[in-house]
Amino acid sequence: MFKKFYTLVCVLILCSCGAESNDSTLITPSDSISSTVKVVFNSANDSMTVLEKGRDAQSQVFGICSLDMSPITGDLPYNLLDQNTLELGSSSFTFKRALTAPKIEPGVASRIFSVWGNPDIIREGVTLSLEVAIEADQLTFRMNCSG
C-alpha cells in the first residue's frame, strides 16, 4: 500500500511541477555596453574637460544598442538643477544612485559624483537605458539594452 501511494505522490508532484506547454516562460535577451572618458573638472566655470575620447561601443546582441562617443569632447558644462536633476552638456539626467566610494573634487558639489540616468526609451522593440557614472577623473557611460 505504501509503495503504491508513494509512487502516486511522486507522479503527481512531477506532473504539477513540470513546465506548462502554453509557452508562458519567455527568456528576454539583454546586453550591456559601456565606454569611459577621462575628465578634469573646472569648478570655476562649472564644466569638465574631456581629456581623451572614449571608444564607441556596439552591442553584440542588438544592432540598435550602441554608444557614439564622438560628441563627448572638449569642455562639457554641467549644472545641478536640484538634488535629482543634472544637466550635462545638452542632456538632462535624473539621479539614480550614489557611487559606492566617491572621490570628491574641491569646489564641485558632492552630489554630482553619482550615477545619473535618462528615462528608458524603446526603439525597434528594444528597451534602451542610458546611465552615466560621474567620478572625479572619469565619466562612464553605460547602455543597458533588453528586448
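**Surface and overall make-up**

I started with the accessible surface of the chain, which comes to about 9400 Å². Carbon and sulfur atoms hold 55% of that surface. Accessible areas come from the Shrake-Rupley method with a 1.4 Å probe, and for residues only the protein chains shown count as cover.

I note that this is a predicted model: local features need pLDDT of at least 70, side-chain atom pairs count only at pLDDT 80 or more, and totals for chains, interfaces and linings use all residues. Residues are numbered from 1 along each chain as its sequence is written, and side-chain values use heavy atoms, with hydrogens and water left out.

I then looked up burial. Of the 147 residues, 31% count as buried (under 20% relative accessible area; exposed is over 50%, partly exposed in between; 1.4 Å probe, protein chains only).

I listed the secondary structure next. The chain has 1 helix and 11 strands. These are DSSP runs, numbered from the N terminus: helices are H or I of at least four residues, strands are E of at least two. Along the sequence the pattern reads α-β-β-β-β-β-β-β-β-β-β-β.

I checked contacts too (heavy atoms within 4.5 Å). Among those with a separation of 6 or more, 50% join residues 24 or more positions apart.

**Disulfide**

I searched for disulfides, meaning pairs of cysteine sulfur atoms within 2.5 Å. The count is 1. C65 is joined to C145, with S to S at 1.7 Å. The link of C65 and C145 is right-handed, with 50 degrees about the S-S bond. It ties distant parts of the chain, 80 residues apart. C65 sits in the loop between strand 3 (57-58) and strand 4 (66-67), and C145 in strand 11 (residues 138-146). Both C65 and C145 are buried.

**Core**

I looked for nonpolar cores: sets of buried Ala, Val, Leu, Ile, Met, Phe, Trp, Tyr and Cys residues joined through side-chain atoms within 4.5 Å. The largest has 34 residues, and F41, I134 and L139 have the most contacts inside it. Strands that each supply at least two residues include strand 1 (30-42), strand 5 (75-82) and strand 10 (126-134). Strand 10 gives the largest share, 6 residues.

**P77**

I ended on P77, in strand 5. P77 counts as partly exposed because its relative accessibility is 44%. Setting aside neighbours within four places, P77 contacts D46, S47, E87, L88 and G89. P77 and E87 are 10 residues apart along the chain, with C-alpha atoms separated by 8.0 Å.
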